[in-house]
Amino acid sequence: MKKFITVLAALLLIVAVSIPLSASPKKEAEEELTFLFVPGVSDPFYYTMERGAKEMAAELGVNLIVAEFAKAWGPEHQVPILEAAVARGGIDLILIAPTSIDALIAPLKKFYDQDIEIITVDTFLGDGDYSKSSEYSFPLAYIGTDNELGGERVAEKLAELLGKKGKVYINTTNPDVSSVMGRVSGFKRGAAKYPDIEVVGVDYNLDVQQKAQEQTLAKLQANPDIVGIFGTNLFSAQGAYQAVVNAGLTGAVKIACWDASVELINALKDGQIDLLLAQKPAEIGSLAVEWGYKYFTKGAEVPKKVIPGFVFFTSENVDDPDMQQFIYKK
Ligand code: T6T
């Protein structure tokens, strides 16, 4: 009997050590988890994401620290904020929207090597494929919109509004930010399905609305036959439609916008824009906290990509009670 018990104990030990690490909790139940949220910039999209993250953190008892919201876009603004927030100590997980596919790899890897886990929200590092071995595959996951798919859908809907013909122009923020890069390439892919739709140019406003407005005006003056515009984020879209309004071209130039700020929703209601894609920032924030929590407390394996969907606002549905939840708000 004694021998049987010894053999059984040995077997149990073998089974216990062979359970994959990901199936065992990373923290003791009584230990408090501290997550740090680092947004991309100060705008309604990230304030809405913060709300979702905070609500889920409160529900799960996670201590969520929110870093300063950068006044402008870019690693030169974001990295010092990240460094200062982590320096306070005690961070288990960083939820961050990297403001560049390259420039955030080294600063984040440094913290990962100090045993801090990373989830990228809204934007990703490299090509966003964290499942293959690469210098940027260390984050647990990317949680955000399928920007390629959204861009493609925007192009299709804009093409329909334009009777499938005419010149269209894209105003976007940066050439090295995964979210807007995906929107531009998806849009081009979608537009390419229509032989009589021509994309006449892409301008980069570096997330500065005034610049977006000036670039759009210059493009309209140089190409008076532009009939459609795609603004790939809040500041691009807000700058683009203002330029069209100021040029007296409302209605003549159709505008497709990305992001559901109150200003853009009002412009849609006023007939100053024609189509709007709303992401789900609150859901992105909430899912990021939830997956981080499940990873630490239950040893859950986090999917490398978690993709909440998107919805379209048009003049037909903008007043629907069901749609109001998709307008960005704190
Ligand atoms: O469009 C969002 C976000 O998805 C993008 O990465 C940066 O711009 C916004 O924050 C809107 O301003």
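Colleague: How many helices and strands are there in the protein chain?

Modeller: The protein chain has 10 helices and 12 strands, and please keep in mind throughout that this is a predicted model.

Colleague: And what box do the C-alpha atoms fill?

Modeller: Taken along the principal axes, the C-alpha atoms of the protein chain fill a box of roughly 90 × 40 × 40 Å. Of the 330 residues in the chain, 54% are buried, and among contacts between residues at least 6 apart in sequence, 73% join residues at least 24 apart.

Colleague: On to the inside, then. Which residues have the most contacts inside the largest nonpolar core?

Modeller: Those are V121, I143, I273 and F313, in a core of 63 residues. Helix α10, residues 281–298, contributes the largest share of this core, with 8 residues.

Colleague: Where does this core lie relative to domain 1 and domain 2?

Modeller: It lies between them, because domain 1 (34–145 + 281–309) and domain 2 (147–278) both give residues to this core.

Colleague: What is I273 in contact with, leaving aside its neighbours within four places in sequence?

Modeller: On that basis I273 is in contact with Y241, I255, C257, L264, A267 and L268. There is also a second, separate core of 25 residues, and V79, I81, I118 and F138 are included in it.

Colleague: Which residues are the closest to the centre of the largest cavity?

Modeller: Of the 15 residues that line the largest cavity, the closest to its centre are Y46, W73, D122, R183 and N233. The elements giving two or more residues to this lining are α2 (44–60) and α6 (178–191), and the largest share, 3 residues, comes from α6.

Colleague: What is that lining like by class, and which domains does it draw on?

Modeller: By class, the lining of the largest cavity has 6 nonpolar, 4 polar and 5 charged residues. It draws at least three residues from each of domain 1 and domain 2.

Colleague: What about the second largest cavity, which residues line that one?

Modeller: The second largest cavity holds about 30 Å³ of space, and the residues lining it are A155, L158, A159, L162, V168, F187, A191 and I197. Two or more residues of that lining come from each of α5 (147–161) and α6, with α5 giving the largest share at 3 residues. By class, the lining of the second largest cavity divides into 8 nonpolar residues, no polar and no charged ones.

Colleague: One backbone thing before we stop: what is the phi of L206?

Modeller: L206 has a positive phi of about 55 degrees although it is not a glycine, and L206 is found in the loop between β7 (197–204) and α7 (209–222). As background, most residues other than glycine have a negative phi.

Colleague: And what about the phi of D207?

Modeller: The phi of D207 is also positive, near 70 degrees, again in a residue other than glycine, and D207 is found in the loop between β7 and α7.

Colleague: Is L206 buried, exposed or partly exposed, and which of these is D207?

Modeller: L206 counts as partly exposed because its relative accessibility is 43%, whereas D207, at 10% relative accessibility, counts as buried, the cut-off for buried being under 20%.

Technical notes: Residues numbered from 1 in each chain as written. Predicted model: local features only at pLDDT ≥ 70, side-chain atom pairs only at ≥ 80, totals over all residues. Heavy atoms only, no water. Helix = DSSP H or I, 4+ residues; strand = E, 2+ residues; numbered from the N terminus. Buried < 20%, exposed > 50% of the residue type's maximum accessible area, 1.4 Å probe, protein only. Core = buried A, V, L, I, M, F, W, Y, C linked by side-chain atoms within 4.5 Å. Domains from an automatic or database assignment. Contact = heavy atoms within 4.5 Å. 1 Å grid on protein atoms, 1.4 Å probe; cavity = no way out; pocket = protein on both sides within 12 Å on 5 of 7 lines; lining within 4 Å. Nonpolar A, V, L, I, M, F, W, Y, C, P; charged D, E, K, R; others polar. Points joined across faces, edges and corners; volume = space filled by probe spheres on them.
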